[in-house]
Amino acid sequence: MTNDTTQAAGGPSPSRRSLIGWGGAGLALGAAAAGGAVAMTRTGNDVDPAGAETGAAVAFHGAHQAGIATPVQDRLHFASFDVKTDDRAEFVQMLKDWTAAARRMTAGHAVGEGAYGGLAEAPPDDTGEALGLKPSRLTLTIGFGPSLFEKYGEKFGLTGQRPEALVDLPPFPGDNLEKSRSDGDLCVQACADDPQVAVHAIRNLARIGFGKVAVRWSQLGFGKTSSTTPDAQTPRNLMGFKDGTRNIAGTEPDRLKKFVWVGEGEGPAWMTGGSYLVARRIRMNIETWDRTSLQEQEDVFGRDKGEGAPVGKAKERDEPFLKAMKPDAHVRLAHPDSNDGVTLLRRGYSFTDGTDGLGRLEAGLFFLAYQRDVRKGFIPVQRSLARSDALNEYIQHVSSAVFAVPPGVLDKDDWWGRALFSKEA
Amino acid sequence: MRAVRLSVVTAAATAAALAAVTGCTEKSDAGSGDAIQVTAADSKCETSSKSVPAGQVTLNIENKGSKATEVEILFPDDRIVSEKENIGPGTKYTLTAEVKAGSYEIACRPGMKGLGVRQKLAVTGGTVAKRDPRLDKAVAAYREYAQEQADATIPKVETFANAIKAGDIEAAKQAYAPSRFGWESTEPIAESFGDIDPKTDTRVNDLEKGQKWTGWHALEKALWVDKKVGAEQKTLADELVTDLKDWQKRVGKAEITPTSMANGAKELLDEVATGKVTGEEDRYSHTDLSDFKGNVEGAQKSYELLKPVAQQNDKALTTELDKQFSALNTLLEKYRTDKTSDGFVSYDKVTKDQRKELSDAVNALAEPLSKLAAVVVK
């Protein structure tokens, strides 16, 4: 290839993978009809931690949506959308179009007819910036917010379908929520190892959605703060600490079943195999934190800064002895033993959105947590943290959203939200 | 304003499709025996033919030079018929354009700057591929509309200029937005002339070094910010009238095609998205919503005229466009100061949430509108 603009290659639907000549072995999926085999790192519920090390594709189809138990990718682009149409058929068509685009993008293919080589008078279907990049383990995960059911329940035939577990989050002490970047009728979480792949995915879905949905707010995350692979080190947050070392791993089906996946008969049938997502933008007072003594920093978390080991222990994953910690230490308050065993699957990302205009970093943690029931998950844990956590002096929750995340897309004929929107389902 | 080049002739610039198997094979020649071979190099531009019949003209371009080049087909007055930028060294490109009989030049511009190396091209015969008569009708009706807009603008801009010359700031402020409406509704045509728009509609941050600030926005600042008009503003007012009369005379000669109409409609929505929704266009007077309405009205006019053909080619698209034009107009109507006037709420009174709503409605319309050109020429 000498020049993409003058010599279009690969027909109308070029595969990013084929352009870079990546030759992974794998099973052919529905998406392979467009001309490429897809390397699978995940089938159904099984997670292959080795997949974490490659730029391969993560299977889009499965009993659960990818992007939850999947080994955590390095980068995030998260977007929340408002619905802009009253027309149910139009909205459902968009969900189908989104699914088709997501299926292609997660396999490393361009959207629709591709980014070049089409009609000269028409803008290309795909925006093109991911051409030549690996699939980068892109996952796209959709969720439906409480307002979708409240505002569009009747118009979209969703009356009685709002799960009881999809509660509006109560106000917590210390919250300072910005309405314009909270909530949303639906959301898409894009995770990938290449930031451009994640941004490309959200951009193209937003473009397909114009007229049907509009981006309400979005958040970029540049570094993962959680791991769902037990062998990997827990990544550090912007405070320099490892947090959530006992996160639920993709290889722990029992804990996933117990804490993450919605079981049969728990709420409406369309949520079976799904999960609930809480998203919180947590601003950190970076500069004041940095002026805090090492002793206080370690006391606040209840860990040492170097290894990340709980107070009095040697290794980051050693079982903590909570009573050795200060009563308001973060680990002590967040630990399952202090919360009747409650565990969340955390998938948060560090963010920096430039400066706040006062010469300080506008930075923090974009907290993402998946759980089987918000009422038995995030809410009790956050109640406890908001009340007592020593960390509160250095952080502030500035946005909040909750979404019902439907089960996975099963095959090439299935689409996001089918069980919710399809009468026959 | 933004420099936008209206594509004046249906130009199908098609990148040569390659064999999919290896992803790297070069396609053989574009096929047509009548194609002109253009060999571009750093200091030469060879063409295999100096005369071709009117209609579809194909250039098989090869850049044998060391720099990226640009190849253009030019009207005698250097207006561009069709062009391809950024043809890399050692690469080939096929450029096709529909060209009427006349004298043209082919220019190769190594390094993509300067006048380039030129070759004459005579296009002979009178027959251009026959166009759908409904499209010819649409073009004629659009030209008539553009002329009406220009004709109606002149007395309004004279009212504006006279108020300034009389030193009547209040009257001038009242006349400002109405004097711009016709211009805004047909802006792609005005911009296609190239030389008028910089004189009449330049914003202060668009000025090049040494360029004198003239036109509407210089007067807007004098009226709303400086709150005084002196000899300089009176001269600017006269110049504005002169420049717009020049525009009025030239509208009839503008090259208009179905494609340029469709693209022009999309460009008007681009103007809204980049200039009006942000409040940049009329930053002193905050009369952005009047310009906004002008842009939308002009875009809708182009669309309505092309609709008979577009509807036949893609019913779903026209259904969507009807819906989104209607939704945007309904939303805009909420901001009229009263039902009878042509005035709109001052844009500094439009809240952030309201601007977001307007922006969402613009996106909802502009996205399907970007597909109109391809559907019309299908």
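Analyst: In this predicted model, strand β5 of chain B, residues 51-53, pairs with strand β11 of chain B, residues 117-124. The sense is parallel, and the pairing runs over three bridges. One facing pair can be named here: Pro53(B) stands opposite Thr124(B) in β11(B).

β11(B) also pairs with strand β10 of chain B, residues 102-108. Here the sense is antiparallel, and there are seven bridges. Ala107(B) stands opposite Arg118(B) in β11(B).

The domain assignment gives domain 1 as 11-16 + 30-124 and domain 2 as 133-376. Taken over C-alpha atoms, the centres of these domains of chain B are 34 Å apart.

Chain A brings in a database record. UniProt, in an unreviewed entry, lists residues 65-222 of chain A as "domain: Dyp-type peroxidase N-terminal". Over that stretch the chain is 26% helix and 20% strand.

How far can chain A be trusted? Its mean pLDDT is 88, and 87% of its residues reach 70 or more. Two stretches need care. Over residues 1-14 of chain A, pLDDT stays under 50, and the model has 52 contacts there beyond four places in sequence. Over residues 17-52 of chain A, pLDDT is below 50 too. That stretch has 82 contacts in the model beyond near neighbours in sequence. Where pLDDT is low, the predicted coordinates should not be read in detail.

Terms used
Residues numbered from 1 in each chain as written. Chains lettered and ligands numbered in written order. Predicted model: local features only at pLDDT ≥ 70, side-chain atom pairs only at ≥ 80, totals over all residues. Pairing = 2+ DSSP bridges. Helix = DSSP H or I, 4+ residues; strand = E, 2+ residues; numbered from the N terminus. UniProt positions renumbered as here; feature names shortened; annotations may be inferred. Domains from an automatic or database assignment. pLDDT = per-residue confidence, 0-100. Contact = placed C-beta atoms within 7 Å.
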